[in-house]
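User: I have a model open and would like to go through a few of its labels with you. Could you help me see what lies behind them?

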Amino acid sequence: MESNSTAYGASLAGAGFDLIKFIKQPQTIIRFLSWVFSIVVFATITAEGYMNSNVGSQVKCVFNDNEGACHYGAGIGVIAFLACFAFLLADALLPSMSNAQERKYIVMADLGFSAVWTFLWFVCFCLMADQWSKTHDSKAIHKDAVHAVITFSFFSIGSWGALTYFALIRFRQGVKDVTQNYADPPVDPTSVYPETYTPTTFPSFQNNGQEIFQQPPISPNPDPSGQSSYKPTDY
């Protein structure tokens with residue numbers, strides 16, 4: 001069977017888009033929160049994550065002057081922002097997809113990306129917290145901005161972990177629906193070949209201890225003339 005109408009998160013494949021139902025879905029709410037968290041992180045780092053250096057006109061990262069920490073946090077936030085928007089759009093279009101295979105690919109992409117970004121947000125939180133604890137000269141730094149980056153990085157771990165959980169549930173449910181609703185294709189009545197082959201059976205011969213075939217006794221060849229004796233012709 002090529003597709004199933006309820007597999008991989010589609011209640012009715014080919015149905016119209018229900019905005020109210022879509023907004024009330026837990027997965028939509030959590031994805032929107034993840035989208036907001038990513039904006040806070042990368043926007044705060046971009047606006048308040050750098051300060052002027054004491055030497056020259058160069059700027060330095062407020063997290064222990066570690067440029068890699070600022071680049072990592074901003075990069076993770078920007079990619080998460082774009083991914084949330086893309087998956088929100090995919091969730092909205094999912095009910096209108098009639099092909100279960102296409103829905104399966106979307107759910108698998110959501111599951112894989114959410115799991116990876118849960119781990120990357122964990123790394124981001126640990127990196128930011130560690131670098132901030134090592135920062136000594138913090139007089140000119142906006143501490144509220146630093147705390148916002150660390151806090152919302154931590155919140156992102158939970159939100160993306162929840163998205164991973166919901167994607168896993170939807171993937172397992174899709175596999176279960178496809179397995180339960182699978183059916184063999186119908187037999188084509190116009191086919192010249194039968195679907196099943198029944199071998200021809202033959203009667204079995206059993207030997208009960210007696211010979212079935214007996215050779216007839218040897219008898220002399222009868223006289224072709226029909227007489228009991230044969231006399232040669234006199235010349």
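User: Happy to start with D65: where does D65 lie?

Analyst: D65 lies in the loop between β2 and α3, where strands (E, at least two residues) and helices (H or I, at least four) are DSSP runs numbered from the N terminus. A word on the source: this is a predicted model, where local features need pLDDT of at least 70, side-chain atom pairs count only at pLDDT 80 or more, and totals for chains, interfaces and linings use all residues. Residues are numbered from 1 along each chain as its sequence is written, and side-chain values use heavy atoms, leaving out hydrogens and water.

User: Why is D65 called partly exposed?

Analyst: Buried means under 20% relative accessible area and exposed means over 50%, with partly exposed in between (1.4 Å probe, protein chains only). D65 has 45% relative accessibility, so D65 counts as partly exposed.

User: And why does N64 count as partly exposed?

Analyst: N64 has 29% relative accessibility, and therefore counts as partly exposed. N64 is found in the loop between β2 (59-61) and α3 (67-93).

User: What makes the phi of N64 worth a remark?

Analyst: Most residues other than glycine have a negative phi. Phi of N64 is near 60°, a positive value, and phi of D65 is near 60° too.
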